[in-house]
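Reader: I have a sequence and a model open side by side. Please show me how to read some of the features.

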Amino acid sequence: MEFDVVIVGGGPAGLAAACRLMQLAVQAGRELEVVVLEKGSEVGAHILSGAVIETRALEELFPDWRERGAPLATPVERDEVYFLRGPDKATRVPNALVPRTMHNQGNYIVSLGNVCRWLAEQAEGLGVQIFPGFPAAQVIFGEDGSVAGVVTGDMGVGADGSHKDGFEPGMELRARQTIFAEGCRGHLGKQLQAHFDLNAAAGVQHYGIGLKELWDVEASRHQPGLVVHGAGWPLTESGSSGGFFLYHLENGQAVVGLIIDLNYSNPHLSSFEEFQRLKHHPVLAAHLEGGTRVAYGARAITKGGLHALPKMSMPGALLAGCDAGTLNFSKIKGTHTAMKSGMLAAETVFAALDDDRAGRELAGYDAAFKASWVYDELYRSRNFGAALHKWGPYLGGAYNYVDQNWFGGKLPLTLKDERPDHESLRPASECSPIDYPKPDGKLSFDKLSSVFVSNTNHEEDQPVHLTLKDDSVPVAHNLALFDAPEQRYCPAGVYEILRDDDGGNPRLQINAQNCVHCKTCDIKDPTQNIHWVTPQGGGGPNYPNM
C-alpha cells in the first residue's frame with residue numbers, strides 16, 4: 001500500500017502530526033493520503049500518563065477544542081508538594097519554594113488515553129486513515145538507503161515460527177515520508193538512531209519507570225482538581241530517586257503513581273513493591289482508604305531532556321515526541337511538547353511533499369524544532385534532572401529552585417550525566433536487601449492481580465516478543481552478579497528464574513503474556529541483552545481512562 005505519509009504510533013505526537021498534515025492539505029486544496037499505525041487494539045489502549053497537561057499545543061492545533069468536546073474536564077485547582085521523611089512522616093513544601101515549572105495553574109488533569117481517542121476522532125474527521133492493531137515491525141529502506149516506509153507484523157505465527165491457520169503476512173506500507181512517533185524507547189526509533197548514528201552529537205539518554213493506578217475514591221475524600229506531588233521515602237532508603245503523583249479527576253476518581261529514575265544502583269529494588277508500599281504513607285492513604293482500585297499500568301519515560309536529544313531527521317523519515325525524547329522532566333509533562341514536535345514534523349513534511357522532496361532528509365525539521373518554544377522550554381530545563389542525579393534531592397532541589405525561579409532556567413552552567421542507566425547497578429553482594437511487606441489487598445496488591453486489572457492479553461501461541469541476543473547471558477551474568485534484577489525491575493512479573501528440584505540449573509522463564517509494554521527491561525538490563533519487539537497485532541494492555 002502506498003501513502004504520502006505513514007505515521008508510526010497513535011499517541012499525542014503521531015495524532016497531532018496527522019491532524020496538522022490534513023489541516024494543511026485542506027487549506028491548500030490538496031489531496032493527501034495519510035495513515036496512522038497503532039499497535040494497540042484501539043487508539044488509547046496502550047497510552048499511560050499521569051496526566052496533567054498544558055494546552056499550549058492543543059490551542060495551536062484546535063483553537064476551538066472546547067467546542068469540539070475535548071475531554072479536558074478538570075482544571076487544576078491547587079498544588080501540594082511533599083517530601084516524605086519516612087513511612088509516616090512528611091514535610092509539605094511551601095508553594096513559594098517549589099520550582100515554578102511544577103506549578104500547574106491553568107493546566108488540566110486528564111486521561112491521556114481519552115485525549116488520544118478524541119484526537120483520533122478529529123484526525124479521522126479530516127480524512128486520516130487509522131489502523132489499530134497493526135504494529136510496525138520493521139523499516140523499509142529504499143535502494144538509496146533512505147527510509148521508504150514500514151512493514152507491519154505477520155499475524156497467525158506460532159511460537160515455533162510455523163504458520164497457523166489464518167496466517168497473514170505483514171503489509172508493506174510505503175510512504176514518501178515516514179514519521180516515527182512510537183513513544184519512549186520505540187523499537188524502530190531505537191534501530192533508526194543506531195542505523196543513521198543520530199546520537200553522534202547527543203548526550204546519554206536517561207529514563208524513569210512510571211507506575212500508575214486508577215482509583216474510585218470515597219465521595220468524602222474526592223477533591224476534583226487537586227494535584228499532589230512529592231519525593232523522598234521509600235526510594236531514599238535505597239539511595240534511589242524519583243517522585244510520586246496523585247491527581248483527582250472528575251467522576252469520583254483519582255490516579256496515583258510513582259516514577260523511579262532508572263539510574264538506581266541497588267539491584268534488590270523492586271519498582272512494583274516500592275509503589276505498593278508508598279501508598280501506605282498517610283499523605284497518600286488519606287486519599288485512597290476506603291476506595292477501590294480500578295486499573296493498573298506501567299510505562300517508561302524519557303527524562304534526558306535537551307542534552308540527550310538525537311538528530312531528529314534522516315533520509316525519508318523524522319522522529320517525533322518521546323521517540324526523540326522531548327518530555328520536559330522539570331514539569332513532569334510531555335504531552336504538549338510531543339504534540340508540538342508532531343505538528344512541526346507535519347509542517348516540514350507537507351512543505352517537502354509540495355516541493356517534491358520526498359525521500360530526502362528534511363533537515364529543516366531540526367531547524368524548526370530549535371526555533372520553537374519546545375526547544376526554549378527544554379533549554380531552560382536542561383539541568384533539572386542532572387542536578388538531582390549529581391547532588392540528590394536536597395542540594396539538587398535547591399539548585400533547581402534557584403535556577404528555575406530566580407533565573408528562568410538560564411544560569412550559565414550546563415550539567416551532564418553521561419553514565420547510561422543500564423551501567424548503574426552495583427553487585428548485589430554490595431547492596432542491602434529490601435524487605436517488602438506483603439500486600440493487604442486494600443491499599444497494596446500483588447503483581448498478578450495488578451496485571452489482571454491492566455487488561456493485558458497476548459495470544460499465547462506466538463513468538464516471544466521479549467527477545468534475547470544470547471539465551472545464556474541473563475542467567476550466567478545477571479544471576480551471579482546482580483541476583484537476576486529483571487525479576488524486580490519488571491513491574492508485571494514477566495521474568496522468573498526457575499531451578500531444578502535440587503536448586504540447581506537456573507534458567508530464565510519469560511512470561512511474555514504478562515508484558516504491559518513498559519520497555520523497562522530493554523532499558524535497564526545491565527547486559528543490554530533484552531530486546532523488546534512488537535508482539536502480534538493488538539496484544540498488550542487495554543487501559544481504560546488511563
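Author: Start with a strand pair. Strand 9 (residues 136–141) and strand 10 (residues 147–152) pair in the antiparallel sense over 5 bridges. Strands pair if DSSP finds at least two bridges between them. Helices (H or I, at least four residues) and strands (E, at least two) are DSSP runs, numbered from the N terminus. Phe141 stands opposite Val147 in strand 10.

Reader: What do strand 9 and strand 10 form, and how many residues are between them?

Author: They form a hairpin with 5 residues between them. In the turn, Gly145 has a positive phi of about 90 degrees.

Reader: Before going on, what kind of model is this?

Author: It is a predicted model, in which local features need pLDDT of at least 70 and side-chain atom pairs count only at pLDDT 80 or more, while totals for chains, interfaces and linings use all residues. Residues are numbered from 1 along each chain as its sequence is written, and side-chain values use heavy atoms, with hydrogens and water left out.

Reader: How do I read the order of strands in a sheet? Which order has the open sheet of 7 strands?

Author: The order names the strands as they lie side by side in pairs. In the open sheet of 7 strands it is 6-5-15-16-17-14-18, with mixed pairing. Strand 6 (90–92) and strand 18 (292–302) are at the edges with a single partner strand each, so one side of each has no neighbour in the sheet. From one strand to the next, the twist averages 20 degrees. Axes here are lines fitted to C-alpha atoms, for helices over the stretch in contact, and angles run from 0 to 180 degrees between N-to-C directions.

Reader: In which sense do strand 5 and strand 15 pair?

Author: Strand 5 (residues 78–84) pairs with strand 15 in the parallel sense, over 7 bridges. Within this pair, Phe83 is opposite Ala231 of strand 15. Helix 5 (residues 271–278) packs on the sheet and touches strand 5, strand 14 (207–216), strand 16, strand 17 (253–261) and strand 18. Contact means heavy atoms within 4.5 Å. The direction of helix 5 makes about 135 degrees with that of strand 17.

Reader: What is the order of the open sheet of 3 strands?

Author: The order is 3-7-4, and the pairing is antiparallel. Strand 3 (52–53) and strand 4 (74–75) are the edge strands; each has a single partner strand, so one side of each is left without a neighbour in the sheet. Strand 4 and strand 7 (residues 108–109) run antiparallel and are joined by 2 bridges. Thr74 has Ile109 in strand 7 as its bridge partner.

Reader: How is a pair of packed helices described?

Author: Two packed helices are described by the distance between their axes and the angle between them. Take helix 7 (residues 335–354) and helix 9 (residues 373–380), whose axes come within 9 Å and cross at roughly 140 degrees. That makes helix 7 oblique to helix 9. As for the cut-offs, angles under 35 degrees count as roughly parallel, over 145 as roughly antiparallel, 65 to 115 as roughly perpendicular and the rest as oblique.

Reader: Which residues meet where helix 7 and helix 9 are in contact?

Author: His336, Thr337 and Lys340 in helix 7 meet Trp373, Val374 and Glu377 in helix 9.

Reader: Is Ala484, with its positive phi, buried or exposed?

Author: Ala484 is not a glycine, yet has a positive phi of about 50 degrees. At 0% relative accessibility, Ala484 counts as buried. Buried means under 20% relative accessible area, exposed over 50%, partly exposed in between (1.4 Å probe, protein chains only). Ala484 lies in the loop between helix 12 (473–482) and helix 13 (486–489).

Reader: Which residues does Asp483 touch?

Author: Not counting residues up to four places away in sequence, Asp483 touches His268, Ala428, Asn478 and Arg488. The C-alpha atoms of Asp483 and His268 are separated by 7.8 Å, although the two are 215 residues apart along the chain. Asp483 is partly exposed, with a relative accessible area of 32%.
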